[in-house]
Structure formats: C-alpha cells, structure tokens
Amino acid sequence: VLPVKRFDDAKQRLDKALNAGTRRALAEAMVSDVLHALRRAERINKVVVVTGESGAEALARAYDAVTIGDDDRGHSHAARAGVDWALERDYERALLVPGDCPALDPRELDDLVAGAMSAPDVVIVPDRHGTGTNALLLAPPDAIHPSFGPGSRERHEQAAQASGARWRIAEPRSLVLDVDTAEDLAALRAAL
C-alpha cells in the first residue's frame, strides 16, 4: 500500500531549500523510484497506490499497480483505505510503504516480507530519527490502525501492544532513509 499525496502539496518542509517546481519534481521522481523497487521485489504480490494525484495514477498504471482515489484527508486515512482494499481481497498481510524513500532496495523489501509472520503480527520500520514510522507490515492487514505523522513510532508500538499482536522493529537501511527535510537529503546523499 503506497499512499501518495498530491505532488504540488508534497515536501513542504523543503520549501526553504527547494522551490515549488523542484519539490513537485522530487516528489514525482521518488514515487517512481519506490514503484520501481516494489515492482522488482519478488515477494510483493500486488501494489495499490492511494492517491488523488493524476500524475501518481499514471505512474501507478505504468508499474501495473492498482489505484484507489484519495480525498486528501491525510496519510493515515489513505493508508487505511489501502488496508481496506487488502482486506476486501482476503490478503493475509499488508505492507504500507512511503513514497519518499528513493533508495528503496527490492532485496530489503523481500527480506522484510519474508520474515516469518502469522496473525496477529506487526513490524514497524521507524524513520532515521527513530520517532516516526516509515513502513508497517501488518498480519492481518488490520492488526492495528495506522497512525502516521510525528511520534507515530510510539503510537504504533502502543497500538500493537494493546492489540495483543506480536511486534518488532525492523530497520532496513533503504527504508529508513526518507526525504522530508534538507537534512534528510544530506543523509541520503551520504548513504549513497
């Protein structure tokens, strides 16, 4: 499940480092990179992009992904729409990934997904700061309700504990490196 906000609204925290056109181009390029990695991963059965952005819909079609319309109520709402899609199709688990990890490695995705999971199970992938959440692997897809944004790692840990699910933290290098700020861009450059 890949929630994608409108490209014109993406990467607002980079507004002092990049102009609006460059932020839009960066957001679109990163979504393309993530879709490419998802397509190359062998253990990803289907990709669903939740978006209200026509450019993201076109990219999704190019990578043979399903699209679900989004009404711009935020990342967590879009993630839940993807989870509902997975549940309606009887998927046993769902991986929620961000559109801003341009160095995403398909092998790391495969390793993450290959980890033994049985319901209920939750894998939380934090951001590089350790406080946010870059990805969730959920078995079943509704093991917990996704709640992204500042402080989300702690919210996801608490939700997993409250649900009785087994949970763990995973830190695949390429999935921890997201781009939200100029410092994140520098960290990505340094890692590459």
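Trainee: Is Asp8 buried or exposed?
Mentor: Asp8 counts as exposed, at 54% relative accessibility, where exposed means over 50% relative accessible area, buried under 20% and partly exposed in between, with a 1.4 Å probe and protein chains only. Keep in mind that this is a predicted model, in which local features need pLDDT of at least 70 and side-chain atom pairs count only at pLDDT 80 or more, while totals for chains, interfaces and linings use all residues. Residues are numbered from 1 along each chain as its sequence is written, and side-chain values use heavy atoms, with hydrogens and water left out.

Trainee: And which side chain does Asp8 meet in a salt bridge?
Mentor: That of Arg24, at 3.0 Å from N to O; a salt bridge here is a side-chain nitrogen of Lys or Arg within 4 Å of a carboxyl oxygen of Asp or Glu. Arg24 lies in helix H1 (residues 20-40) and Asp8 in the loop between strand S1 (2-4) and H1, so the pair ties together parts that are 16 residues apart in sequence. The helices (H or I, at least four residues) and strands (E, at least two) are DSSP runs, numbered from the N terminus.

Trainee: What else does Arg24 bridge to?
Mentor: The side chain of Glu53, at 3.6 Å from N to O, and this pair links distant parts of the chain, since Glu53 sits in the loop between strand S2 (48-51) and helix H2 (54-62), 29 residues from Arg24 in helix H1. Arg24 is partly exposed at 27% relative accessible area, whereas Glu53 counts as buried at 6%.

Trainee: How many salt bridges turn up in the whole structure?
Mentor: A search finds nine, and one of them joins the side chains of Arg89 and Glu88 at 3.3 Å, N to O.

Trainee: Changing topic, where is Ser174, and what does its side chain do?
Mentor: Ser174 is in helix H6 (residues 173-176) and is buried, with a relative accessible area of 4%. Its side chain makes a polar contact of 2.6 Å with the side chain of Glu108, and a polar atom of the Ser174 side chain lies 2.9 Å from the backbone nitrogen of Asp105. A polar contact is a pair of N or O atoms within 3.5 Å; within protein, one must be able to donate a hydrogen and the other to accept it, and residues adjacent in sequence count only if both atoms are side-chain atoms.

Trainee: Which residues touch the most other members of the largest nonpolar core?
Mentor: Leu2, Leu35, Leu38, Val49, Leu95 and Leu112, out of 34 residues, where a core is a set of buried Ala, Val, Leu, Ile, Met, Phe, Trp, Tyr and Cys residues joined through side-chain atoms within 4.5 Å. The largest share of this core, six residues, comes from H1.

Trainee: And what is the strand order in the open sheet?
Mentor: The four strands run S4-S6-S5-S7, with mixed pairing, and two strands pair if DSSP finds at least two bridges between them. The edge strands are S4 (94-96) and S7 (166-169), each pairing on one side only. S5 and S6 pair in the antiparallel sense over six bridges, and the bridge partner of Val122 is Leu138 in S6.
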